[in-house]
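This report describes selected packing and pairing features of one model. The sequence and structure are shown first.

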Amino acid sequence: MKLISILKLSNFRIGRFLLFCFLAILHVEGACQTGLVQLPVQHQFYARDLKTSSATVTMKGFPENAMLYLRYSDQQLTKQLTIQSVHQIFGLTDTLHSGLSHYRIEFQDAAGHVVYAADSLLVGDCFLVNGQSNAEARKKDSTSFADRSPFIKAYGSGNENGYSKKWYIADGDGNRYVEGSIGQLALSFAGQLVEKTGIPICIINAAHGSQQISFFLPDVQDSTGLKSNYGRTLSRLTDAGLQSHVRGIIWYQGEQDAASGVDEETYMDQLNSLYNHWLRTYPSMEQVYIFQIRMGCKTPWQKIAQIQKAQQTFADHYINVEILSTNFADQFKDSCHFTYTNGYKRLATQLANVVLAKQYTNGSLNQSLPLKAVQAKVYDGHWLSLKLDTHPDQIEWDPEMAFEFRLDTQLIHAQNIWVNENFVNLEFKQSIDTFHTISYSGHAGLAEPSLYHSAQAGLLSFYDLPIESNASYDSVLLCQSLAGGQTILFANTSRKEPVSLRLYNTEGMLLQTDERMMAPGKNQLPEYHLPAGIYFLQVLRLGQQQVFKWINP
């Protein structure tokens with residue numbers, strides 16, 4: 001242990017009444033206060049001050065003519081307090097610093113006997129998780145036991161029938177009735193934060209499966225009452241001393257509303273109401289993270305679309321709300337929940353990357369956010385270009401993604417898909433000039449086929465994105481197709497013009513050059529007989545240049 005605090009009291013005498021009070025409160029894993037004694041308890045977690053990365057711990061008692069010492073692991077004396085008045089209350093505050101080490105508080109009597117000790121005290125950050133069963137995230141297939149950490153803490157449980165007021169090393173496999181369980185999604189998320197930041201994490205998980213959003217709103221008659229999920233959650237955070245220290249809220253909910261036919265406007269109104277209550281109840285809340293619900297749970301896509309659209313609109317409306325994709329994760333065989341390794345853990349990685357970028361200035365937000373379509377244009381009647389609002393270093397896609405898009409409300413299969421920079425390009429055999437909107441709802445089951453980037457984030461579902469028809473090329477549009485195992489590159493331009501093509505490998509070595517006159521429309525480029533790998537094609541035209549990343553399969 002990095003730090004051991006020993007409070008040594010010479011002539012330490014505790015009356016029978018005080019001793020009774022002392023022993024009576026030892027089982028309480030909370031603020032542990034009476035009129036006589038205030039002490040830390042086993043596994044207690046303290047929220048850190050973000051400026052100092054530390055927390056203040058207060059201890060009080062009734063020693064008689066006592067000498068009070070505070071010692072560290074190297075036994076150097078750091079504080080000394082002489083109390084001579086027989087019934088004077090002693091009070092001591094000490095600063096504990098955040099880090100991957102535990103603290104121990106220990107009281108000894110004059111004979112050196114330990115009369116009280118509290119081990120495994122931590123200082124770090126607190127996050128609240130809430131929603132339905134995918135926020136509860138109990139084990140469906142493999143265990144998350146290997147991802148447990150002594151630096152991830154939990155307080156009580158989400159049991160609506162009552163919880164134990166104790167601190168625990170968090171577990172991921174259990175449901176809301178298991179004390180100390182925070183679910184697999186939250187456990188993996190917290191573990192990645194601990195690993196990347198060196199800061200301990202406390203998770204309060206208040207999720208309750210199979211409930212509509214109205215279940216999570218406070219009781220208008222008694223907002224702090226224990227009859228509501230909202231009141232129970234507030235009570236638990238208050239008991240833990242963390243109500244004013246919640247840094248972020250993670251929300252995964254909406255499947256039950258979709259199954260019940262709740263429309264977009266109704267869900268949006270209730271989510272707004274819940275958000276405004278959070279702002280008033282948790283003054284330290286910096287961010288809200290919303291998982292967009294996934295297709296599945298035996299619910300028609302039209303109903304799920306209502307909730308997905310509401311969640312996207314809500315996230316677009318608030319600067320401190322980020323929406324996360326669930327489309328690049330493997331669902332369990334029930335097509336409603338998720339496996340662990342390629343399911344909840346993959347969602348946790350996406351969440352951790354965004355939280356690190358938003359709240360810990362650790363990583364690039366542009367490289368962490370899910371892919372979001374913001375614009376659609378049709379060229380030459382057969383080629384649709386879908387613009388993404390972020391530009392991650394490497395976007396991957398499965399060829400079968402060409403079958404996942406709806407034009408208006410019809411699933412129209414594209415014959416080819418190609419991603420270039422932040423554009424998803426779809427080539428259709430039939431003319432698509434008469435369609436007005438494009439949508440992507442995703443699918444139930446495995447993650448594949450999918451469109452995703454290296455931070456484990458997929459494409460967000462979207463609906464009725466307007467299509468701009470008969471668009472003109474304001475730049476060269478590069479596309480790729482596979483014919484007989486051979487990769488063929490095409491460039492689309494709006495006019496006749498000379499271009500210079502230069503092909504480089506990842507080390508910046510020039511491999512091939514080509515000068516040619518482009519005709520309006522689709523132009524086949526030279527065949528590049530190269531090994532599989534990543535290449536960069538530089539296109540020089542009219543004093544401008546574009547660089548395309550090309551992945552040769």
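How many bridges join β28 to β29? Eight bridges join these two strands, which run antiparallel; two strands are taken to pair if DSSP finds at least two bridges between them. The model is predicted, so to speak of local features requires pLDDT of at least 70, side-chain atom pairs count only at pLDDT 80 or more, and totals for chains, interfaces and linings use all residues. Residues are numbered from 1 along each chain as its sequence is written, and side-chain values use heavy atoms, with hydrogens and water left out.

Strands β28 and β29 form a hairpin with four residues between them. In the turn, G508 has a positive phi of about 85 degrees. Strand β28 is also joined to β31, by six bridges, and this pair too runs antiparallel. Strands here are DSSP runs (E, at least two residues), and helices are DSSP runs (H or I, at least four residues), both numbered from the N terminus.

| Pair of strands | Bridges | Residues standing opposite |
|---|---|---|
| β28 and β29 | eight bridges | S500 and E515 |
| β28 and β31 | six bridges | L501 and V539 |

These strands belong to an open sheet of four, in the order β29-β28-β31-β32, with antiparallel pairing. The edge strands, β29 (510-518) and β32 (544-552), each pair on one side only. From one strand to the next, the twist averages 20 degrees.

**Helices α3 and α8**

Helix α3 (residues 184-197) packs against helix α8 (residues 340-359) at an angle of about 45 degrees, with the axes 8 Å apart. Axes are lines fitted to C-alpha atoms, for helices over the stretch in contact, and angles run from 0 to 180 degrees between N-to-C directions. That angle makes α3 oblique to α8, since angles under 35 degrees count as roughly parallel, over 145 as roughly antiparallel, 65 to 115 as roughly perpendicular and the rest as oblique. The contact (heavy atoms within 4.5 Å) involves residues of α3 including L185, F189 and L193, and residues of α8 including Y344, L351 and V355.

**An aromatic pair at α3**

Because F127 lies in strand β8 (residues 114-131) and F189 in helix α3, the pair ties together parts that are 62 residues apart in sequence. Rings of Phe, Tyr and Trp (its six-membered ring) pair if their centres lie within 6.5 Å; planes under 30 degrees apart count as stacked, over 60 as edge-to-face and the rest as tilted. By this rule the count is 18 aromatic pairs.
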